[in-house]
Amino acid sequence: MLLWLAMLPGAGAAEPGRTGTTLRLFFPNQRLNPDQSDCSAVFPVERPLAQGQQATRAQRALQQLLAGPSASERAAGYHSIFSAASADLLRQVRIRGGTAYVDLADFRSRLPGSSSSCGAAEFRSQIERTLQQFKRIKRVRYAIEGDPRRFYDWMDEPCSKSNGYCGWLAGSQR
């Protein structure tokens, strides 16, 4: 089953059988990881789930994550490379066979540190942990403007089995 969620008003549908009232977002926290020795360490915050939106919980969680921590979350030590300046990066999410395919607008000039070793670990762990709260999502693959190779080149990662050989859904190669 393929779930395609375009970032257009009214696109997509709420996930069937989901009635929770909160979403968990995962951000780094300087108080919970004071020496910052593990760049991939992220910790959950809960946010209310707005009712009536025509999007899945996974899509809404990513939209909120990409907007960064709230003022009260920042006061509690949470931080992120994501902020109001990156709130509009999510183009679409596709979920198929346990894999979430995340297509982002070109963020490279807005998040230049995201390709450093620590920046990449922080970037990916926030998105992956946030999405993997949903039982059906086991893996996350990425693309920039619909092109996975662009993302993995930016992250200085070769196309390999771990990223689906830079393919976009089954049988798709760019």
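The structure is a predicted model, in which local features need pLDDT of at least 70 and side-chain atom pairs count only at pLDDT 80 or more, while totals for chains, interfaces and linings use all residues. Residues are numbered from 1 along each chain as its sequence is written, and side-chain values use heavy atoms, with hydrogens and water left out. The chain has four helices and six strands, where helices (H or I, at least four residues) and strands (E, at least two) are DSSP runs numbered from the N terminus.

**Overall fold**

- Read from the N terminus on, the elements of the chain follow the order β-β-β-α-α-β-β-α-β-α.
- Of the 174 residues in the chain, 47% are buried; buried means under 20% relative accessible area, exposed over 50%, and partly exposed in between, with a 1.4 Å probe and protein chains only.
- The chain exposes about 8500 Å², and carbon and sulfur atoms supply 52% of that area; accessible areas come from the Shrake-Rupley method with a 1.4 Å probe, and for residues only the protein chains shown count as cover.
- Among contacts (heavy atoms within 4.5 Å) between residues at least 6 apart in sequence, 65% join residues at least 24 apart.

- Leaving aside neighbours within four places in sequence, Leu-131 is in contact with Ala-58, Leu-62, Ala-100, Val-102, Ile-137 and Val-140.
- The buried residues of helix 3 include Gly-119, Glu-122, Phe-123, Arg-124, Ile-127 and Leu-131, and what covers the buried residues of this helix includes strand 2, helix 1, strand 5, strand 6 and helix 4.
- At 1.5 Å a residue, the 15 residues of helix 3 should span 21 Å, which agrees with the 21 Å between its end C-alpha atoms; the expected span is 1.5 Å times one less than the number of residues in the helix.

**Disulfides**

- A disulfide is a covalent bond between the sulfur atoms of two cysteines; the criterion applied here is a pair of cysteine sulfur atoms within 2.5 Å, and by this rule the count comes to two.
- Cys-39 lies in the loop between strand 2 and strand 3 (43–48) and Cys-118 in helix 3, so the pair ties together parts that are 79 residues apart in sequence.
- Cys-39 is partly exposed at a relative accessible area of 21%, and Cys-118 is partly exposed at 30%.
- Another disulfide joins Cys-159 to Cys-166, with an S to S distance of 2.0 Å, and it is left-handed because the torsion about its S-S bond is about -100 degrees.
- Cys-159 is partly exposed, with a relative accessible area of 26%, whereas Cys-166 is buried, with a relative accessible area of 0%.
- Counting bonded cysteines along the chain, the disulfides follow the pattern 1-2, 3-4.

**The segment after helix 4**

- Most residues other than glycine have a negative phi.
- Asp-156, in the segment after helix 4, has a positive phi near 55 degrees and is exposed, with a relative accessible area of 70%.
- Cys-166, also placed in the segment after helix 4, has a positive phi near 60 degrees.
- Glu-157 lies in the segment after helix 4 and is buried, with a relative accessible area of 17%.
- The side chain of Glu-157 makes a polar contact with the side chain of Asn-163 at 3.0 Å; a polar contact is a pair of N or O atoms within 3.5 Å, where within protein one must be able to donate a hydrogen and the other to accept it, and residues adjacent in sequence count only if both atoms are side-chain atoms.
- Not counting residues up to four places away in sequence, Glu-157 touches Arg-124, Tyr-152, Ser-162 and Asn-163.
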